[in-house]
Amino acid sequence: MNPIETFSEKEVGLGWHPKRVLLILLMVSSTMIFASLTSGFIVRRDEGNWREFDLPTIMLLNTIVIALSSIALQWAYSSAKKDEIGRVKIGLAITLGLGLVFLVGQWLCWGDLVAGRTFFGGIDANVSGSFVYVLMGMHAFHLLAGLIFLAVVLRRTFNYQVHSRALLSIGNASILWHFLGALWLYLYLFLLLNH
Amino acid sequence: MSDMSAKPNLSAGVQTAGGVGTAPVSHTEHGDAHHDEHEHHDQHWLWKYVFSQDHKVIGKQFLITGIFWAIIGGTLSSLFRLQLGWPEGTMEWLTPVLGKWVEGGKLNPEFYLALVTMHGTIMVFFVLTAGLSGTFSNFLIPLQVGARDMASGFMNMLSYWFFFLSSLIMFFSLFLETGPAASGWTIYPPLSALPQAIPGSGMGMTMWLVSMVFFIVSQLLGGVNYVTTVINLRTRGMSMSKLPLTIWAFFLTAILGILSFPVLFSAALLLVFDRSFGTSFFLSDIYIAGQALPNQGGSPVLFQHLFWFLGHPEVYIVIMPAMGMVSEILATNARKPIFGYRAMIGSLIGISLLSFVVWAHHMFVTGMNPFLGSVFMFLTLIIAVPSGVKVFNWLATLWRGNIRFTTAMLFSIGFVSLFISGGLTGIILGNATLDIQMHNTYFVVAHFHLVMGSSAFFGLFAGVYHWFPKMFGRMMDEKLGYIHFWLTFAGVYLVFLPMHYIGIAGFPRRYYAWTGFDSFSQFADMNKFISVAAIIAFAAQFIFIFNFFYSIFRGRRATQNPWNSTTLEWTTPLVPGHGNWPGEIPAVYRWPYDYSKPGSETDFIPQNVPYSQTQSSNLPYEQELAD
């Protein structure tokens, strides 16, 4: 082969690790679930027979909790970049804790909805309420996956597998977690603006 | 399967791959994911053939499961063709197979509905989605882009086993006492949502939904892997503009799946809630047996929107892999470059984009705003443009080619023929005004069976005949292949051409019998004719099945590159081991269609041959690269 014959050195694969690309594609498909559910919400609302109700105030608190958890995770990530492993552990633990608080908060929120006579199913239910339960439930289900991922990363941190030269797992975890936070923010604003 | 016969070869391949498995591959610079996978050569057979993470084994698993499903799906269609062809005839002789579904010599009408539902579900999802793109995306993507395996072998394995689980559930639902799902493969509520509506909406529908949820998971795990592999794991020099058209087609198919299957998931989820949790997403104002249901405020049309947002891209998920493989096989066997390579990519992208904005053309009769209908009609008719580009390019590729009529080539040409015949009626059905007349008649059945059903099958057959030597190291029998092709090709036209007539005459789909209508009795002979043709065409498939399994073990031994093809998969050993290339992965220097290049000594130049070795055939700009 003529040594001068070179390749057009286009960086293959956007420079991302395959696992990151896999994660982003899975996030895209999750986005499609929520996009379809929220468009279904709008299409259905425009057809009438739609009972309006107020969102419980605890939803706002939950939104703040999930935002704080994202900040904590970002702090853990930048600590990992600086090899401050102790702080990574604290940051991840806080994120995990706040994630659990968020899930409990969502559960309490469902309690408030029921107390306000907004039901998921049954004779007294209206589609408007059912949609809120489905959206929150699907989000919570995704958040569980995020929590498991965070727990795995925390374990890896204790095994010295997360540091400034091994940022893939914590990086992917924070991409997923920020995505879930942003997703909740979208759902909250969507429900707020559409009722 | 056949790997057993070539075991020494295979393990040798793996051993060498283990040695050089960490050879410099640009994409693994920050990855350690693949190294350990090349190490284990003395694997237990369970990990080698069953829970394998090798994309080639997974591809074969998808293929064989797909063949199994195709036999089931074909058998179901033969059963309902018997009913349609001989509505007065006795079915007593089928009692040993169908049991209580034959009552007094007659097929149970409820079971007839279950037959058409399961035929559609099985063919669309289990055969032509999992069996077609599952097989060839898995088998060909790493081989043709020059990768050792998929981005995540583990997720790829999960993808197959979720499909397997989904298959098991769907298969067992066939044997339920109340029968499998029976509200059509589109499972429109309220029929599908109310267990008390028909027997098939009971347990059968529940199992259908559970099975489809696993199927969606399988498709997503597979799809993200395909896309990531194409984006990340291409070998050196393999830019997107040097990819074979097969890979472009699989890539875009996977993207369509990633974007559309989650929407089916949403629809299925809401349907599950309506069925079992008392919500009213799709139910409103329903009386059953004089009793009013409590459900209020639901919208069955909402389900149709969600379903067809998947359902329409789904038909392209079915057809695009076939298009890609046909492009590849036509160019190889016409010994000519594919005509309009970039136009082929552009038209695939165009079809992919359009597939997301035309779903409501399945819903022209739902009472939608006529203006909205005209928008969807306009967008639908635009699909004729990229489709026309593709057909023109295929025909231009064949034009004055040095054509070798291999079996794969015959099926590819057959694909183009069926795609044209079925596509033309798509222009008729895409017009809202005409569709309102034709909706739910056999004209629609004829249209989609030609344009995406049969043609996708032809793409599948073409792919199997063409890549069989790479899969099993042996050749399929050409003579049997010819018989299979001509019986199938004639059969398909004899079945579906007459259906256009009875469709225009107004025969509705999914009717158990038309004996109650005098105006339809003149078509009784035509229906009988269609049934005979359908059963002969189905029987002809067993020639293929025999040829396939016989050739795995007894076929003529293949050579390394039996079709003199240019793409990378033919540079691997005859039966590649896990890791695909024993040494370094070849680099790519040229596009995949250098067939019959003027000035070249051979009539094909593989992609891994640098320009510096082909001085006599280089074009001026290529010579610049070589100097």
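H12(B) passes H13(B) in a left-handed crossing, a term used when the near helix is turned anticlockwise from the far one by less than a right angle, whereas clockwise makes a crossing right-handed. Helices here are DSSP runs of H or I with at least four residues, strands are runs of E with at least two, and both are numbered from the N terminus. This is a predicted model, in which local features need pLDDT of at least 70 and side-chain atom pairs count only at pLDDT 80 or more, while totals for chains, interfaces and linings use all residues. Residues are numbered from 1 along each chain as its sequence is written, and chains are lettered from A and ligands numbered from 1 in the order in which they are written.

| Helix pair | Angle | Axis separation |
|---|---|---|
| H12(B) (384-398) and H13(B) | about 155 degrees | 11 Å |
| H13(B) (407-430) and H15(B) (442-472) | about 160 degrees | 8 Å |

The axes are lines fitted to C-alpha atoms over the stretch in contact, and the angles run from 0 to 180 degrees between N-to-C directions. Angles under 35 degrees count as roughly parallel, over 145 as roughly antiparallel, 65 to 115 as roughly perpendicular and the rest as oblique; H12(B) and H13(B) are therefore roughly antiparallel, and H13(B) and H15(B) are roughly antiparallel as well.

From H12(B), B:Ala384, B:Ser387, B:Val391 and B:Trp394 meet B:Val416, B:Phe419, B:Ile420, B:Gly423 and B:Ile427 of H13(B), contact meaning that C-beta atoms placed from the backbone lie within 7 Å. The residues of this contact of H12(B) with H13(B) divide into seven nonpolar, two polar and no charged, where Ala, Val, Leu, Ile, Met, Phe, Trp, Tyr, Cys and Pro count as nonpolar, Asp, Glu, Lys and Arg as charged, and the others, Gly among them, as polar. H13(B) also passes H15(B) in a left-handed crossing, and the contact of H13(B) with H15(B) has 15 nonpolar, 13 polar and no charged residues.

The largest nonpolar core has 222 residues, and B:Val227, B:Phe251, B:Val326 and B:Ala462 are those with the most contacts inside it; such a core is a set of buried Ala, Val, Leu, Ile, Met, Phe, Trp, Tyr and Cys residues joined through C-beta atoms within 7 Å. Leaving aside neighbours within four places in sequence, B:Ala462 is in contact with residues including B:Met325, B:Val326, B:Ala408 and B:Phe411.

Chain B contributes 46 residues to the contact between the chains, and chain A contributes 35 residues. On the side of chain B that touches chain A, the largest share, eight residues, comes from H8(B), and the residues of that side divide into 25 nonpolar, 19 polar and two charged.

B:Pro189 and B:Pro190 are joined by a cis peptide bond with omega about 5 degrees, and B:Pro190 is touched by B:Ile286. B:Arg510 has phi near 60 degrees, a positive value in a residue other than glycine, and with 15 C-beta neighbours inside 10 Å it counts as partly exposed. B:Asn580, also not a glycine, has a positive phi of about 70 degrees, but with 23 C-beta neighbours inside 10 Å B:Asn580 counts as buried. The cut-offs are 20 or more other C-beta atoms within 10 Å for buried, 12 or fewer for exposed, and partly exposed in between, with C-beta atoms placed from the backbone.

Terms used: Contact = placed C-beta atoms within 7 Å.
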